[in-house]
Amino acid sequence: MAGLWFDEFTVGMTFNHPWTRTITETDNRWFSLLTMNPQPLHIDAHAAAQTEFGRPIVNSLFTLGCLVGMTVNDTTLGTTVANLGMTDVNFPAPLFEGDTIHVTTEVVALRPSASRPGQGIVTFRHRCFNQDNTLCAICDRAALMKGRPA
């Protein structure tokens, strides 16, 4: 188990997650089509070439999924009860097919659960950067975490 117990987190704790991921054309097309998103910016290279971006941009929900997924091993693997929600999701710069991403996490808030003794809520701020260190995505995620077993 790689995740941390609620009791092990501290506000201000930061993680530079070791994973990197190159986003492929296949990732973008399949994800968009599997989630029934027909936006030409994601699935039609010719149409996307006519936009200000000049090429397909990565589906933002795929970006968000990778952003959160790439943090699990270091933070919540085996110790999370449930995700409670995400807020302040922003995509300040586009992500393109062929970009390689890396992710950081900061613990921004902690509080013991009022209804679940021995558990607590951790608020994470996740950030996704491309290979040029440009911030491409950011979100705050609240997770209900297990406390260390007695």
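How many helices and how many strands does the chain have? In this predicted model, five helices and five strands are assigned. Read from the N terminus, the elements follow the order β-α-α-α-α-α-β-β-β-β. The C-alpha trace extends over about 60 × 30 × 25 Å along its principal axes.

Of the 150 residues in the chain, 41% are buried. Among contacts with a separation of 6 or more, 71% are accounted for by residues 24 or more positions apart. The accessible surface amounts to about 7,900 Å², and carbon and sulfur atoms contribute 56% of that area.

A search of the whole structure identified six salt bridges. One of the pairs joins the side chains of arginine 29 and glutamate 25, with an N to O distance of 3.8 Å. Both residues belong to helix H1, which comprises residues 25-34, and their spacing of four residues corresponds to about one turn of the helix. The two partners fall into separate accessibility classes: arginine 29 has a relative accessible area of 12% and is therefore buried, being under the 20% cut-off, whereas glutamate 25, at 48%, is partly exposed.

Arginine 29 also forms a salt bridge with glutamate 97, in which the closest N and O atoms are 2.3 Å apart. This pair links distant parts of the chain, since glutamate 97 is placed in the loop between E2 and E3 and arginine 29 in helix H1, 68 residues apart. Both glutamate 97 and arginine 29 are buried.

A further salt bridge is formed by arginine 125 and aspartate 140, whose closest N and O atoms lie 2.7 Å apart. Arginine 125 is located in strand E4 (residues 119-129) and aspartate 140 in strand E5 (residues 135-146), so the pair ties together parts that are 15 residues apart in sequence. Arginine 125 has 24% relative accessibility and counts as partly exposed, while aspartate 140, with a relative accessible area of 8%, is buried. Elsewhere, salt bridges with shared partners join Glu25, Arg29 and Glu97 into one network.

Phenylalanine 91 is situated in the loop between strand E2 (80-90) and E3. With 35% relative accessibility, phenylalanine 91 is classed as partly exposed.

Strand E3, spanning residues 100-112, contains alanine 109. The relative accessibility of alanine 109 is 30%, and this residue is thus partly exposed, a class that lies between 20% and 50%. When residues up to four places away in sequence are not counted, alanine 109 touches Val11, Ile121, Val122 and Thr123. Alanine 109 and glutamate 52, in turn, are 57 residues apart in sequence, and their C-alpha atoms are 38 Å apart in space.

Notes
Residues are numbered from 1 along each chain as its sequence is written. This is a predicted model: local features need pLDDT of at least 70, side-chain atom pairs count only at pLDDT 80 or more; totals for chains, interfaces and linings use all residues. Side-chain values use heavy atoms; hydrogens and water are left out. Helices (H or I, at least four residues) and strands (E, at least two) are DSSP runs, numbered from the N terminus. Buried means under 20% relative accessible area, exposed over 50%, partly exposed in between (1.4 Å probe, protein chains only). Contact means heavy atoms within 4.5 Å. Accessible areas come from the Shrake-Rupley method with a 1.4 Å probe; for residues, only the protein chains shown count as cover. A salt bridge is a side-chain nitrogen of Lys or Arg within 4 Å of a carboxyl oxygen of Asp or Glu.
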